[in-house]
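These are my notebook entries on one protein structure. I record what I looked up, entry by entry.

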Amino acid sequence: MTTASQSRSAPWLLTAPGLAVFLTMLLVPLGLTAVLSFRVFDGMFGVQDTLTLANYLEVFGDPYYHEIFMRTGLMSLGVTFICILIGVPETLILSRMRRPWRGLFLVLILAPLLISVVVRTLGWSILLGNNGLINQVLMALGIVDEPLRLVFTMSGVVIAMTHVMVPFMVISIWASLQKLDPQVENAGLSLGASNATVTRRIILPQILPGILSGSIIVFAMSASAFATPALLGGRRLKVVATAAYDEFLSTLNWPLGATIAIVLLIANIIIILGANRLIERRFKQVFSS
């Protein structure tokens, strides 16, 4: 083998193990799930070899699933918006801290990622309960006369999901902030601009790619989240992930559960690519710099 051919084949040889793992652990299961979604389910005999579109027609035609997908989308948008409101100022404040406080607070922000989502959700169920700390404080301060119902509500799910997802937003924005030249900010201040103007006209446009990437991560993970909506939302407040879970393990209708999962995946891809394309076209100068 010549030197030229070796140099051309080297990248493929180096990426072959990772590509094999990717194909085996992700694409193959997705392909099998897609095939399963076209199977016929019989209550007496289980999954049949016959192919059908009935599962997709049921998901797209039943108002019950329309409500579940709409609830999941609104929940994901709400969590993403709140994460932006919290993550942007939190990361900006963090970037202005001096050592060692910056490293300490960064560890505190990312520390929840080291704890299981189930454990964090159970902690929130205790805090949000009728006799939980939050209701006790509100009643002690006289803000409310009786405990607020926060468990098994969308408000409780959004609060807990925001706590789970904020670190991912902070990580994404932090990566963009590391590329920001502090001299540009100082130049704006020296020319008479206020701190608010510098933040709005200089800093925010430059960290917009980080906000976008963080929003994509938060939205996708929120839309496919299972543990937090299942534990805090209960049986009545279903989202897409819990609906697919019920079809797989409760009714044993695997084809319908696979259909729900595939529709969620396709909807996620369409929404993320559409939002990405729209924002990149709107702020073309920022993303091309």
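**Entry 1: the largest core.** I note at the outset that the model is predicted. I looked up the largest nonpolar core, which has 34 residues. Val79, Cys83, Met165, Ile173 and Ile207 touch the most other members of this core. I then asked which helices supply at least two residues each. They are α3 (63-95), α5 (117-128), α7 (154-177), α9 (195-206) and α10 (208-223). Helix α7 gives the largest share, with 12 residues.

**Entry 2: a second core.** I found a second, separate core of 14 residues. Ala244, Leu256, Ile260 and Ile262 are among them.

**Entry 3: the whole protein.** I recorded 14 helices and 2 strands. The C-alpha atoms fill a box of roughly 80 × 75 × 35 Å along the principal axes. Of the 289 residues, 34% count as buried. Among contacts with a separation of 6 or more, 67% are accounted for by residues 24 or more positions apart.

**Entry 4: surface and charge.** The protein exposes about 17,500 Å², and carbon and sulfur atoms supply 70% of this area. I also noted 19 positive and 13 negative side chains. The centres of the two sets lie 15 Å apart.

**Entry 5: aromatic pairs.** How many aromatic pairs are there? The count comes to 4. I looked up Phe38 and Tyr56, whose ring centres are 5.0 Å apart. Their planes meet at 35°, so the pair is tilted. This pair links distant parts of the chain, 18 residues apart. Phe38 is in the loop between α1 (3-36) and β1 (39-42), and Tyr56 is in helix α2 (residues 54-61).

Is each of these two residues buried or partly exposed? Phe38 has 31% relative accessibility and therefore counts as partly exposed. Tyr56 has 13% relative accessibility. Because buried means under 20%, Tyr56 counts as buried.

**Entry 6: another tilted pair.** I looked up Phe248 and Trp254, which also form a tilted aromatic pair. The distance is 6.2 Å centre to centre, with 50° between the planes. Phe248 has a relative accessible area of 24%, so this residue is partly exposed. Trp254, at 43% relative accessibility, counts as partly exposed.

How values were computed: Residues are numbered from 1 along each chain as its sequence is written. Side-chain values use heavy atoms; hydrogens and water are left out. A nonpolar core is a set of buried Ala, Val, Leu, Ile, Met, Phe, Trp, Tyr and Cys residues joined through side-chain atoms within 4.5 Å. Buried means under 20% relative accessible area, exposed over 50%, partly exposed in between (1.4 Å probe, protein chains only). Helices (H or I, at least four residues) and strands (E, at least two) are DSSP runs, numbered from the N terminus. Contact means heavy atoms within 4.5 Å. Accessible areas come from the Shrake-Rupley method with a 1.4 Å probe; for residues, only the protein chains shown count as cover. Lys and Arg count as positive and Asp and Glu as negative; His and the chain ends are not counted. The place of a charge is taken as NZ of Lys, CZ of Arg, CG of Asp or CD of Glu. Rings of Phe, Tyr and Trp (its six-membered ring) pair if their centres lie within 6.5 Å; planes under 30 degrees apart count as stacked, over 60 as edge-to-face and the rest as tilted.
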